[in-house]
Amino acid sequence: MNRIIGAAAALAISTGLAGIAQAQEGEPIKIGVLHSLSGTMAISETTLKDTVLMMVERQNARGGLLGRPLEAVVVDPASDWPLFAEKARELLTVSDVDVIFGAWTSVSRKSVLPVLEELNGLMFYPVQYEGEESSKNVIYTGAAPNQQAIPAVDYMMEELGVEKWALLGTDYVYPRTTNNILDAYLKDKGVAAADIFVNYTPFGHSDWSKIVADVVALGADGKKVGVVSTINGDANVGFYKELAAAGVSAEDIPVIAFSVGEEELSGLDTANLVGHLAAWNYFQSADTPENAAFIEEWHKFIGDDKRVTNDPMEATMIGFSAWVAAVEKAGTTDVDPVLDAIVGIEVPNLTGGTATVLPNHHLTKPVLIGEIRADGQFDIVSQTDPVPGDAWTDYLPESAVLDADWPGKQCGMFNTQTNSCVQVQSNY
C-alpha cells in the first residue's frame, strides 16, 4: 500500500511539474476518470484508474497533446450505479473534461449513457459486455459477445466435445443478455432445449451445492457437459470450491469463464481452478515485445513487480491510444470532430496485432482462450485473427436486422429491412 501511495504521490508531483513546464503552451487537456475506488467494484476498477494515470504520464512524457499537457481528474462513483451518472455530470459540467474513461458493470454504463448523450460527452468503456447497444457518445473497447462468448462456445464444442451446456450467471443485465444470445446460438447449432441448463444467482452467492449437483446430473446420460460462466465477483470462489468438493475436475466438466482474469486470480488459491478456461482478448502471458514493454512500464509505474495486467487494462490502453490519435487527426479535443476522426483509426494491441475503430464504435479484437495455471496466469491454447465487434447480434431475431453506422448513417440502431433509423438515443 505504501508503494502504491508513493507512486501516486510521485505521479502527482511529476504531473504538476509537467503542467508548470508546459503552461505557456496552453491550458491542460482534462481527462475524466470514472472508476470505483471504493465499494464492491473497487478491487477491479482501481487498477483501471491507475492504468489511465499511467497513460496520462506516458503522453505527457511525449510532450502532451496538441502542445498541451494532460491532466487527470479522478472521481469515485463508489460502486453506486446512480452515483456514476452524478459523477459523469460533474466531470462534464464542473470539471469540464474533454473525455471520460470509465465504468465497469453494464448497469454503471447504462447509468452514464443519458448524461453523455444529453451533454454530448465522450466515454471509452473498457470491459466485455452483452452488446445490443451502440451510442454515438461511447467507444466500446471491450469485447462484444461475438468476440468472447460465441467463440468460447465454439471452442468447447469443437475442441472439447461438449454436447450439454450449463449457462451460469450472476443475476444482472450482462449475464442475462449474453445467455439469451448463447441460448439462441446453441439452438441454431442444433442443441436441444433440454440440453441447455440456465441458472442465475445474486452477487455474492455462496451455496453452490444444489447448482453443482444439477450441473453434474446433466451428464447422467454420458454426454459431455460444459459450463459457460458469467458469474461475477467473489461468488466464483465458492463455485469452483464446490466443483472440487464434488470431485469434478476440469477434464470431467470444463468451465469457461468470461469474468475471471489475472486480477481476480491474484488473490485466490488457484488449486481448484487449474485446467479450467477463460475467454478474453488479452492475457498477461501473451509473448510479444509490445506486451513485455507494457508489463515493464506498469510495474515501474505502480512500484510493484507482482501486480498483474489484464484484459480491461489492455482495452483501456487501446482506447486511450485511439483517442490520442483521433485528437491529433482532428486537431481538437471537441467531441464531434474527434468522433468523425476516430472511425478507422488503427492502433497496436498487446498480442501482436492492431485494433481498428469501427463505424459501430466497437473494435476489431482477437479472441484468446486461456487455461488457468497454478500460478494464476493462463496458458493460451487458442488465438484467432482480429474479429470485428458486432453491436447487434445475429442470433436474436429482433437484433439481426439492426446495424450501427455512425459516420455513414448517424444511427446506432438502423433497421436494414426498413432502411430507417429506429432511434438515435440509446436504450437505458
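**Ground rules.** I am working with a predicted model, where local features need pLDDT of at least 70 and side-chain atom pairs count only at pLDDT 80 or more, while totals for chains, interfaces and linings use all residues. I number residues from 1 along each chain as its sequence is written, and side-chain values use heavy atoms, with hydrogens and water left out.

**Entry 1, cavities.** I searched a 1 Å grid over the protein atoms alone: a cavity is a set of points where a 1.4 Å probe fits but cannot get out, a pocket is an open set with protein on both sides within 12 Å along at least five of seven lines, and lining residues have an atom within 4 Å of a point. Points are joined across faces, edges and corners, and a volume is the space filled by probe spheres set on them. I found three cavities of 30 Å³ or more. The largest cavity holds about 70 Å³. Its lining includes K110, E132, E133, W392, M413 and N427. I sorted the lining by class (Ala, Val, Leu, Ile, Met, Phe, Trp, Tyr, Cys and Pro nonpolar; Asp, Glu, Lys and Arg charged; the others, Gly among them, polar). That gave three nonpolar, six polar and three charged residues for the largest cavity.

E132 has a positive phi of about 60 degrees although it is not a glycine. E132 sits in the loop between β4 (123-125) and β5 (138-140); helices (H or I, at least four residues) and strands (E, at least two) are DSSP runs numbered from the N terminus. Is E132 buried or exposed? I have E132 down as buried, at 15% relative accessible area (buried is under 20%, exposed over 50%, partly exposed in between, with a 1.4 Å probe and protein chains only).

**Entry 3, the largest pocket.** I noted a volume of about 650 Å³. Of the 30 residues lining the largest pocket, I43, S44, N232, G233 and D234 lie nearest its centre. Helix α9 gives the largest share of this lining, three residues. By class, I listed 15 nonpolar, 12 polar and three charged residues.

I checked the length of α3 (residues 81-93): its 13 residues should span 18 Å at 1.5 Å a residue, and the end C-alpha atoms are 19 Å apart, which agrees. The expected span is 1.5 Å times one less than the number of residues. L83, F84, A85, A88, L91 and L92 are the buried residues of α3. They pack against elements including β1 (29-34), α2 (42-61) and α4 (106-119). In α4 I picked out S111, which is buried at 15% relative accessible area. Beyond its neighbours within four places in sequence, S111 is in contact (heavy atoms within 4.5 Å) with W81, P82, F84 and A85.

I found one disulfide, the term meaning a pair of cysteine sulfur atoms within 2.5 Å. C411 and C421 form it, with sulfurs 2.1 Å apart. C411 lies in β18 (residues 411-415) and C421 in β19 (residues 420-421), so the pair ties together parts 10 residues apart in sequence. The S-S torsion is about 85 degrees, so I logged the disulfide as right-handed. C411 is buried at 0% relative accessible area, whereas C421 is partly exposed at 32%.

I found N419 in the loop between β18 and β19. Its phi is near 55 degrees, a positive value in a residue other than glycine. N419 is exposed, with a relative accessible area of 58%.
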